[in-house]
Amino acid sequence: MTDKSHDPNQMTGAAMIVRALIDHGVEHLFGYPGGAVLPIYDEIFQQSEVEHILVRHEQGAGHAAEGYARSTGKPGVVLVTSGPGATNMVTPLTDALMDSIPLVCITGQVPTHLIGNDAFQECDTVGITRPCTKHNWLVRSVDDLAKVLHEAFYVATTGRPGPVVVDVPKDVQFATGTYHPPNKSDVHVSYTPRVKGDENQIRKAVAMLAHAKRPVIYTGGGVINSGPEASTLLRKLVEATGFPITSTLMGLGAYPASGPNWLGMLGMHGTYEANMAMHDCDVMLCVGARFDDRITGRTDAFSPGSKKIHIDIDPSSINKNIRVDIPIIGDAGNVLGDLLHMFTAEARKPDIKPWWQQIAQWRARNSLSYRKNNDIILPQYAIQRLFELTRGKDTYITTEVGQHQMWAAQFYGFEEPHRWMTSGGLGTMGYGLPAAVGVQVAHPDSLVIDIAGDASVQMTIQEMSTAVQYELPIKIFILNNQYMGMVRQWQQLLHGNRLSHSYTEALPDFVKLAEAYGCVGLQALKPADLDGAIKEMISIKRPVLFDCRVAALENCFPMIPSGKAHNEMLLPEEATDAATASAFAGGKALV
Amino acid sequence: MNQPASAYFLEERHDPNETHTLSVLVQNEPGVLARVIGLFSGRGYNIDSLTVSETESQKHLSRITIVTTGTPMVIQQIKHQLDRMIPVYRVVDMTLTGQALERELAMVKVRGTGDNRVEALRLADAFRARVIDATTESFVFEITGNSSKINQFIDLMRPLGLVEVSRTGVAAITRGPEGM
């Protein structure tokens with residue numbers, strides 16, 4: 001028998017987990033302890049390379065890790081216990097899968113001999129999380145653990161990024177085995193994501209772009225996920241071609257909002273010019289977006305006269321909702337590099353002056369306009385002031401889900417990628433506060449603001465306690481209209497203004513609540529108070545909960561009504577009762 | 001376009017459905033079949049037939065044969081969705097190769113006496129079905145072929161005293177020297 005006691009790679013499963021985190025460059029992990037992960041927590045206690053952030057609910061850990069990942073480009077790491085710990089992670093895992101966010105979630109599991117016996121805090125974690133992860137593993141032997149952990153990081157961060165779960169039974173955490181550092185053979189040979197685009201397809205795309213009369217570039221979260229280089233290349237491509245550019249909710253910041261070719265966001269609550277350009281274009285270049293139903297409106301009336309080029313790393317995104325003419329499978333940054341190189345070498349900027357003139361007419365409709373009010377704070381105005389007063393600062397914005405999210409997307413101008421964290425695909429209320437915690441952990445000296453709604457924020461409000469514990473000076477800017485605003489808007493427009501359970505009758509006093517948690521509570525009631533209060537919020541180096549009382553019944557416009565096409569948008573100045581009624585004709589009840 | 005009040009765009013799609021046979025080569029590891037089946041149920045795809053078994057035990061490879069129905073866009077989606085699963089090596093659309101062999105095995109139990117019994121035996125012979133169990137009042141036939149041949153045989157057995165059928169589902173392979 002050989003003496004293995006001096007082999008530094010001999011260690012327990014729990015030690016392997018911490019060692020693997022260190023080997024993958026993990027500096028922070030978000031988690032919550034429990035019976036089935038105690039050996040891992042014991043290892044965490046005895047080292048100082050990985051800092052653990054204790055949240056107040058596992059869902060908070062998941063969203064914090066998402067915010068961390070989205071703002072850094074690194075994977076977010078989560079550690080939770082078995083049973084309820086794992087089931088509480090289902091929402092953030094699904095959220096991360098929908099928005100392609102790299103997460104590595106380690107869950108404890110009951111000992112292997114108890115699996116299947118309905119043991120205390122047992123659940124079928126791999127079964128439950130199979131449809132909401134990119135891949136998951138149950139590790140039944142300590143000999144497989146190192147390999148699985150390395151593969152987990154590789155799968156989460158390569159190809160189309162996504163969440164993974166590694167479920168580790170408690171006896172595997174206690175067992176001793178041999179650790180090995182990451183190497184290539186750790187990964188399934190069947191997993192080979194394609195990064196480089198097909199040259200012939202790119203050549204065809206360049207020829208199509210060079211002859212475009214009414215082109216539009218439509219980008220999404222894939223450009224952000226690809227890394228900062230992709231955004232730089234995108235900006236160069238826009239400059240080289242002179243084409244107008246729009247983006248999905250997830251893609252904001254890849255091209256600067258102050259850029260001359262920027263049309264604003266597209267889709268259901270996108271700008272008139274962006275949606276009209278999409279509808280009337282003759283060549284559409286889609287980069288890292290997936291023709292989601294919030295973007296396309298009626299698919300049979302979506303951009304009917306255009307040829308479509310689609311760059312995506314995931315072949316299953318091609319022709320899923322919309323048939324495209326030139327698919328290019330590959331990483332957004334890699335393909336944009338090749339495309340730009342070929343375009344500048346072989347093609348010339350096409351003359352699209354008439355198209356820009358047309359766009360100027362659409363822009364002149366000023367689809368984001370709203371009437372001014374000196375007595376009540378309008379939510380659009382609040383976001384505009386927040387934007388103006390934080391302009392030029394090192395700012396990161398997260399949001400919850402609803403009207404405030406759409407107003408933030410419309411009125412806050414993003415100049416850089418990785419600055420905008422929002423739940424796009426899943427639409428998870430309660431995402432923004434814990435996401436802000438995660439962003440602030442990654443960027444301790446930056447200004448991190450969660451633009452929130454009064455309803456959403458209460459879903460994960462306990463994470464304020466996390467912010468206080470770790471001295472994370474996040475700012476929670478609540479547009480408080482006392483309603484679930486987007487639900488109320490739909491009820492008004494489509495359900496006869498019967499406001500079924502969308503009014504929150506017993507809101508907490510947010511200022512007192514903030515103080516109870518040890519945060520600072522601020523409030524603004526009138527437009528005249530707003531600037532001063534926002535400046536005060538920014539100057540406070542502690543977590544702040546800002547209760548911004550806004551107009552209760554404001555609707556989010558412009559809007560593409562259900563079953564309508566891009567060129568049938570409802571604009572704010574047209575949103576009279578009669579026009580709204582006719583736009584929603586066919587709905588079972590009208591405003 | 002009239003539609004009830006909804007946050008979603010409700011559309012009817014009118015593309016005709018097609019039936020395709022897919023061969024999927026996967027790593028034989030715990031949960032791999034659950035992943036494949038979960039994909040179909042989770043995304044609302046049809047499974048008309050599913051056959052799975054380990055085919056290369058040293059390499060731990062299993063081959064799953066799936067017969068599915070959908071519009072051409074849905075069939076393409078199914079193939080892409082399968083292909084992006086981590087333990088999936090290859091997905092081949094046997095229907096598109098145009099010359100794949102498809103076979104199914106069925107065991108058919110028929111109960112009867114007298115003329116019906118003689119007729120069942122005579123038809124089984126015509127279909128090249130083998131008798132693999134017999135009593136004085138029953139037969140179990142084993143029949144191999146493509147699905148339509150088996151369907152036809154079962155239909156013929158029905159009036160002759162069909163008791164029950166067990167089918168394997170479709171297995172498929174391409175003609176010629178090349179493997180998948």
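Burial in chain B comes out at 26% of its 180 residues, and that figure, like everything here, is taken from a predicted model. The overall dimensions of chain B can be set beside this. Its radius of gyration is 21 Å, whereas a compact globule of 180 residues would sit near 16 Å. Along the principal axes, the C-alpha atoms of chain B take up a box of roughly 65 × 55 × 30 Å.

As for what chain B is built from, there are 9 strands to go with 5 helices. Walking along the sequence, the order runs β-α-β-β-α-β-α-β-α-β-β-α-β-β. Looking at contacts in chain B with a separation of 6 or more, 73% of them link residues 24 or more positions apart.

Chain A is split into three pieces: domain 1 covers 10-186, domain 2 covers 199-363 and domain 3 covers 379-549. Take the pairing of domains 1 and 3 of chain A, whose C-alpha centres are 30 Å apart. Here 25 residues from domain 1 of chain A meet 26 from domain 3 of chain A. On the domain 1 side, the elements of chain A that supply two or more residues are the strands β2 (28-31) and β3 (51-54), plus the helices α3 (58-72) and α5 (90-99). The top contributor is α3(A), which puts 11 residues into that side. Sorted by class, the domain 1 side facing domain 3 in chain A holds 12 polar, 8 nonpolar and 5 charged residues.

Terms used. Residues are numbered from 1 along each chain as its sequence is written. Chains are lettered from A and ligands numbered from 1 in the order in which they are written. This is a predicted model: local features need pLDDT of at least 70, side-chain atom pairs count only at pLDDT 80 or more; totals for chains, interfaces and linings use all residues. Domain bounds come from an automatic or database domain assignment. Two residues are in contact if their C-beta atoms, placed from the backbone, lie within 7 Å. Helices (H or I, at least four residues) and strands (E, at least two) are DSSP runs, numbered from the N terminus. Ala, Val, Leu, Ile, Met, Phe, Trp, Tyr, Cys and Pro count as nonpolar, Asp, Glu, Lys and Arg as charged, and the others, Gly among them, as polar. The radius of gyration is taken over C-alpha atoms; the globule rule is 2.2 Å times the number of residues to the power 0.38. A residue is buried if 20 or more other C-beta atoms lie within 10 Å of its own, exposed if 12 or fewer, and partly exposed in between; C-beta atoms are placed from the backbone.
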